[in-house]
Amino acid sequence: MNLVFYLLAALTMAGGLAAMLLKNTVHCALALTVAFAGLAMLYLDLDAQFAGFAQLLIYVGAVAILVVFAILLTKGSETPKDGVFSRTWLAGLAVAAAVFAVLAWSILQSVSRLSQAAQAPTVTVQQIGMALISRYVLPLEIVAVLLTVALIGAVIVAMHEKEGGAQ
Amino acid sequence: MIETADQIFVLLLHWLVSFLPAVLQPVASAVLCAAAIVCFFPALFALTTWLERKGLGRIQNRLGPNRVGPFGLLQPIADGIKSLTKEDIVPFSADAAVHFLAPIVLVVTVFMGFAVLPMGRNMVLADLDAGLLFYFAMGASTELAVFMAGWSSRNKYSLLGAMRAVAQMISYEVVLLLSSVVVVMISGSLSLTKIVAAQNQYTWGLPHWYIFTPWGLAGFVMFAIAATAETNRSPFDLPEGESELVAGYHTEYSGFKFALFFLGEYVAMFSISGLGTTLFLGGWTAPFSFLTWVPSWIWFFSKLMLSIFVFIWLRGTLPRLRQDQLMNFAWKFVLPMCLLNLLVTGLWRFLGDGWLRWVVCSAILLLAYVGIALGEQRKKHIGPRSYRYAE
Amino acid sequence: MTTLAGFLLVAALLFSIGLAGALTRRNAILVLIGIELMLNAANLNLIAFWRYGPHPEALTGMMFAIFSIAVAAAEAAVGLGLVISIHRHAHTTDLDLMNRMKG
Amino acid sequence: MQETISFTPQVGPSAIAQLLWLIPAVPIVVAGVIALMKQPRRKAAATLAIGALSFSLLLSLFAFGYVLSGWMSGVATHEVVNFTWIQVGASQVDLGWVLDPLSAVMLVMVSFVGLLIFIYSTGYMKHDENYTRFFCFMSLFAGAMLGVVIANSLLLLFMCWELVGLTSYLLIGFWYQRPAASAAAKKAFLVTRVGDVFFLLGIVWLFSQTGTLLFYNHGLGSLEPLALAGLLAQPAALGLTAAGAIGLLIFAGAAGKSGQFPLHVWLPDAMEGPTPVSALIHAATMVAAGVYLIARVYPLMQADALAGGTTTALTVVTWVGASTAVFAALIAVAQNDIKRILAYSTISQLGYMMAGLGMGGVAVGMFHLITHAFFKALLFMGAGSVIHGCNEEQDIRRMGGLRTKMPWTFGTYAVGMLALCGFPLLFSGFWSKDGILEAAQHWSVAKTPFYMLVFGALLTAFYMTRQVAYVFFGHWKGGKSAHESPAVMTAPLAILAFFAIALGAIGTPAWPWFRAFLEGHATSFDLQGFAEPGLLVLMVSSSLVVFLGLGLGWLFYGNRSPKPEEPDVLERAVPPVWAALRDRLYVDEFYAATVIAFYAWWARVSDWLDRRIWGGAVAGVAWAFRLWAQLNRSLDNNIVDGSFDKGCEELTVSGGLLARVQTGRVQTYLRILALALVALAAILIWSSRA
């Protein structure tokens, strides 16, 4: 329980809250990137270097940009007149709160059984690579296929239909 | 003697931190290195602006800056003073916070990239195991800064420039990664120091730089293209194509913030050149075995400056591409070549030593190059560009 | 209160924030953002468990996280593509107005 | 005489015999090719057909030469090539072809005359739009006819026989737009069918008796002593043995094809077809096929006689032939259509051949067949040339004086006419007919046929003279002036004319080469042949008869060229007889009154049966089914569908209830999911701590 952790946790929380609360959608996206960055640093704090950098590369570098593009393409950057929250926001909030309550409860329930801080494991990228192509090769392939399919699918779904084209 | 010359900066660092208590030493050394980097590269940036203006002047058959100081050497300082003293204008309708944050994020992320670059023997700030990955993560973050700048200043030129820049950077980031992956495949490590070490050996007095292999050459060429695009240098400088959209995403910036953008751009150029040098040109290793006595950092920076000169040269020579041409080039020519290059590298890896792998790999690459190029030429991608909005 | 518990709590909170956002925002893109947050929270859990688990060398949690990152990227791409095409047809990203699937 | 045939020891058939099948195959294949051609490809079609037939002619000449050389070296070539067509259990149906003097001679005749007629047709049919179709049919006919000639199996022969009938039908009805033509075609087809039914019966009977349909099969064929003995052992009705009966049945088929007396009615009408067709099919080849058939199965016909039993079969053949000869000649006298006259003369000549077969044997009949083929083809083609020249005029009373207008046609036609009349010594017809008369004279059974045939000869000379006088002498009475035909038509005439004269040389009593060739024994030229008792007398008398006919004809019609309207000379003399003759002795009317009437009545009866009885039954069944269907439908509507609809309604209602939950809002679903998660987690924890 050191200072770094608290700072990072605070940063992440702030980013997440901002992403969910701000009115301007682009601000939300930027706040989201802050949250992502905070998470990446949390990973680093957990000695998961590779995961941290991957998180940074993928989320900050790609997903955030994607979100921003989507926002601009859907003219979502200007804030709508009638509020940014849906009519049933209260119910939603309640449900979320309930979920948090349950999760927190379960965690606190099992605090006693959680393992204490172990010494930092040293994993090199090489080990990860070996694991990826030896023990986790099947998931790796599946993810590769999934990504390809997702790529093509996204392109097709978002593709600009010419007149007389599909639909 | 040679040793000291080579390790002079390292020794200096140790001497400095030796005054501090052992607890603070790692932190202090890190801070000192960072400080050194942050001080050195702006200076190099100043020099480079002068160099570039001179060089462009020569290329365009005119004298460059020649009033301030000998050969106008002091011109950058004059510019610096000017930009520091100018008024910092923030447009009325701009998104002040983001508008303020953008240049900072840009510069910070760009500088972070240097952390993993080995600039000489033992001269690396943080020798991360996943150094390359870190570098790319940082590089990816700069796009966000560009977008922030473009979007926050509520100016259609800025926005267009930013969108162009982001699109371009995303496309070419893929190429950048894929063309670097081949090096990782061969050297078997993401750590840049290890990569350099892998290239630091000689046969018949010649170094084992990766550029001296078929896949390495191809990879380097594509890396160079991608790097040019990543740094928005001409011929890929559409984002700030002054003839089209006044100055791209930093149209609405003035004074020191503008200077920061300018700085960030050049420093990015330095860092990516450094990366290229490290990956393909053997980093700080000497080009010939009998030159190994020359201090490693000299080699690194001379290679760096060489590539900088190439950048300038390109800018002086090539005309600007068009947006759709740019995209087609990235996705339809460079990307396939990159993927093929991966395959070839695998072949290289498994064909074992001997002349065979040279023949096979070069043949495949050449054939593919000619084939794809011809195919691309046949279906003309230069045509009326089509605008696609999601209205 | 152990470190692991702290990470888990952070993850839980982040998850709930994401869920709340996904449940309350009108804009489809923001709902997607919320979902991304939830995914990341899950990743954080995985990594934390890997770090403090009995067998870190097995890399299970790490791998899980990496794969889920990849999957999340795919999900983001497809989801945003869907949002864009929906916007092209319905000219809105307001989920309250998107109830054409009403039974 | 036949037993003098000495079979060549079979050491495998020679190459030419092996290739014999090509002779019919090539024209048939070519016919198929032409059938696939477009209408405008006239020249190609004609070239192909002629080329194919000339190939057949070439091969036939080779075959003939082979047989001839064999004969020279004193062996009567007789080679067969057989193969199994169908294998049904123990019994098998074999097909095959035979190469012997008979078939060799016939092959050469058919392909040669056919080729000439093809060439002639290119001129005659020049302006017809269905030129290609014509040559397709002609080629098919030629092939089928050649098939008939070489067939060694009664079945194969029957197939080709029917194919010939088909082509004849097609070609008679070639100008199908004319009602008369199509009617004639149908008539020809049906009438010959009558004969063919009997023929088929004969075939089946023969097969059931001998178990094979091959003529010659190294001693196992149906015409070889073994089988014949078996047949003779089988008694049939009227004191006939099976052999005789079968022979008679086959003869019925032959009579149908060759237009013998009861079944001759189709042949005159067949003249509706184009003239080359009449020349080729209805004068030279197809009608002769009947005669050829009899010649082919002659052993069967005469088996009885040789066995010392009755000679009924051949007697019947003789009587039918003789009566036909006189009968047709009588009718020919009173006809005015140039082609009809020739048609009736053909019928009577066929009668001569039959009589010759019946009384004199194969050689006599076949000799007349060959000579007749040439000069009758010549006459028909001459008639065609005349018709062509007088622009499609066929009534001889509207012609006249053509000898100056078309000298070539006239000359050749005269030759043909004299050959037909049997002008002494010079012409082939004289010798062939004389052979028949001689045979008749020596016939043991009766003398009447002899006199009938002599009378027929007289009539022949008379009506041919009448025709020639009408057509070529006197003065032109037609409409537009006539013109000579092109060389492509006259050249074949000339060639045929030559043969009409020359062929007589091979059958004189002095040098009976033809008979010797057919019967396979050597011969030499010596005038002693005339020294036979009565022969000279016969020759002189028949010559006198011919002169008498010519004279009478000239007396009545020479150079007078009466108006077309004014009645004929004989008509003024004996009107009723003339009328009877003109109306073809009412045979058609007789058939119309009897056979056709019966068929019409029978058709009406079966029509009535169909409508009332069978139709009624079918309607009843249909009604029953409709009733059943009605029942089913009501069942469906009320019970099955009813219950189904009810179930559907239930489903709809319940679905509607559930659909309330489905708001279509993503967030609602998400919310429900989250709640479920909460519930699950709660349960989990609760259970875990308990």
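Me: What should I know about the numbering and the model first?
Reply: Residues are numbered from 1 along each chain as its sequence is written, while chains are lettered from A and ligands numbered from 1 in the order in which they are written. The model is predicted, so local features need pLDDT of at least 70 and side-chain atom pairs count only at pLDDT 80 or more, while totals for chains, interfaces and linings use all residues.

Me: What does pLDDT say about chain D?
Reply: pLDDT is the predictor's confidence in each residue, from 0 to 100. Chain D averages 84. In chain D, 96% of the residues score at least 70.

Me: Which elements of chain D have the lowest and the highest mean pLDDT?
Reply: Helix H24 (residues 569-573) of chain D has the lowest, at 76. Helix H5 (residues 131-150) of chain D has the highest, at 92. Over residues 1-10 of chain D, pLDDT stays under 50.

Me: Which scores does the model get as a whole?
Reply: The ipTM is 0.68 and the pTM is 0.53.

Me: How does chain B read along the sequence?
Reply: Chain B has 12 helices and 2 strands. Its pattern is α-α-α-α-α-α-α-β-β-α-α-α-α-α.

Me: What makes a residue count as buried?
Reply: A buried residue has 20 or more other C-beta atoms within 10 Å of its own; 12 or fewer means exposed, and in between means partly exposed, with C-beta atoms placed from the backbone. In chain A, 40% of the 167 residues count as buried. In chain B, buried residues make up 43% of the 391.

Me: How do you know that chain B touches chain A?
Reply: Two residues are in contact if their C-beta atoms, placed from the backbone, lie within 7 Å. By that rule, 20 residues of chain B are in contact with 19 residues of chain A. H5(B) gives the most to this side of chain B, with 11 residues. By class, the side has 16 nonpolar, 1 polar and 3 charged residues. Ala, Val, Leu, Ile, Met, Phe, Trp, Tyr, Cys and Pro count as nonpolar, Asp, Glu, Lys and Arg as charged, and the others, Gly among them, as polar.

Me: Which residues meet between chain C and chain A, by number and class?
Reply: The contact takes 64 residues from chain C and 69 from chain A. H3(C) gives the most to the chain C side, with 20 residues. That side divides into 43 nonpolar, 14 polar and 7 charged residues.

Me: Why are H2(C) and H3(C) called roughly antiparallel?
Reply: Axes are lines fitted to C-alpha atoms, for helices over the stretch in contact, and angles run from 0 to 180 degrees between N-to-C directions. Under 35 degrees counts as roughly parallel, over 145 as roughly antiparallel, 65 to 115 as roughly perpendicular, and the rest as oblique. The axes of H2(C) and H3(C) cross at roughly 175° and come within 9 Å. Therefore H2(C) and H3(C) are roughly antiparallel to each other.

Me: Which residues of H2(C) and H3(C) meet?
Reply: From H2(C), they include Leu32(C), Leu39(C) and Trp50(C). From H3(C), they include Phe64(C), Ala72(C) and Val83(C). The contact has 17 nonpolar, 5 polar and 1 charged residues.

Note on methods
Helices (H or I, at least four residues) and strands (E, at least two) are DSSP runs, numbered from the N terminus.
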